[in-house]
Amino acid sequence: METEFTPYASLGGGLLIGLAAVMLMATLGRIFGATGLLAGFIQPDSSSEFSWRAALLAGMVSGPALYLAFTGNWPDIQVPVSTPMLALGGLIVGLGVTYGAGCTSGHGVCGMARLSPRSIVATLSFMAGTAATVYVIRHVIGG
Amino acid sequence: MKKHIAIYLIGLIFGLGISISGMANPAKVINFFDVAGTWDPSLIFVMGGAVTVAFIGYRIVFRQPSPLWGKGFSLPGTRQIDARLIGGSLVFGIGWGIAGFCPGGALPALGTGRTEVIIFVVALVAGILLAKQLQKLTARKKPEAARA
């Protein structure tokens with residue numbers, strides 16, 4: 001499935017993601033990592049740790065509706081993946097991000113911006129894993 | 001309450017950014033990695049934009065003695081680069097390549113109410129809980145390895 005090259009929208013979205021990460025550090029002193037956020041939300045250590053995560057998650061989930069208000073359309077979500085593979089992928093992502101202690105936002109954005117060697121290694125590792133998997137699915141199995 | 005509204009707005013900025021960027025769109029994510037096929041390099045602009053802003057912004061923020069509403073900055077203390085970090089990240093990459101959603105893309109996408117996103121996030125939560133259980137089990141068996 002072809003998708004349109006959108007450098008300006010993607011750059012604009014990226015700037016907002018970076019801005020949110022900086023604002024969370026400036027206010028709460030926290031890394032904006034979706035993995036840690038979700039893990040702490042489903043298994044909170046205390047009520048104060050739960051409440052800020054709940055507020056942040058509520059804001060994140062409201063993002064597409066704000067996009068709808070601005071543009072008149074929901075953001076594009078095209079899923080060229082079957083339901084069983086989607087569930088399998090989700091399970092594998094959950095295992096991987098827990099052991100790897102972060103994902104695209106925590107390691108890929110916040111960690112890279114801090115020049116954390118751990119995050120740089122993690123980011124290179126998951127990018128390599130994703131690229132290899134897409135290649136195998138599309139060009140070895142699917143090809 | 002005021003703090004929570006501010007935190008909500010920070011989440012909203014992130015969620016809007018994800019919506020605009022294309023990170024919530026599995027077709028676009030998978031195409032980014034499909035250099036040998038229907039390649040769409042858009043997502044390099046997402047990473048580039050986000051990392052640049054965070055790189056500059058963090059440097060300004062870290063000049064302050066503490067965050068606005070906290071005692072200190074909670075930065076990851078671990079510095080070790082080990083098999084767990086690399087293996088876990090590789091596994092995450094495999095899952096990302098299969099599904100096309102990452103956690104930071106999928107959580108805001110929940111707001112669209114799309115069934116595919118809900119299926120992915122439910123499986124994601126199950127994977128996190130499973131990994132936590134596995135970590136507890138292995139930590140009990142090998143207390144020394146867990147401490148490292």
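Mentor: Start with the largest nonpolar core: it has 60 residues, and Phe32(A), Leu56(A) and Phe120(B) touch the most other members. A nonpolar core here is a set of buried Ala, Val, Leu, Ile, Met, Phe, Trp, Tyr and Cys residues joined through side-chain atoms within 4.5 Å, where buried means under 20% relative accessible area with a 1.4 Å probe, protein chains only. Bear in mind that this is a predicted model, so local features need pLDDT of at least 70 and side-chain atom pairs count only at pLDDT 80 or more, while totals for chains, interfaces and linings use all residues. Side-chain values use heavy atoms, without hydrogens and water; residues are numbered from 1 along each chain as its sequence is written, with chains lettered from A and ligands numbered from 1 in written order.

Now zoom in on Leu56(A). Skipping neighbours within four places in sequence, Leu56(A) is in contact (heavy atoms within 4.5 Å) with Leu24(A), Phe32(A) and Leu37(A), and also with Ile7(B), Ile10(B) and Gly11(B).

That brings us to chain B, with seven helices and zero strands (DSSP runs: H or I of at least four residues for helices, E of at least two for strands). Its radius of gyration, taken over C-alpha atoms, is 18 Å, well over the 15 Å from the globule rule (2.2 Å times the number of residues to the power 0.38) for 148 residues, so chain B is more spread out than a compact globule. The C-alpha trace of chain B spans about 45 × 40 × 30 Å along its principal axes. Of its 148 residues, 47% count as buried.

Conventions. Buried means under 20% relative accessible area, exposed over 50%, partly exposed in between (1.4 Å probe, protein chains only).
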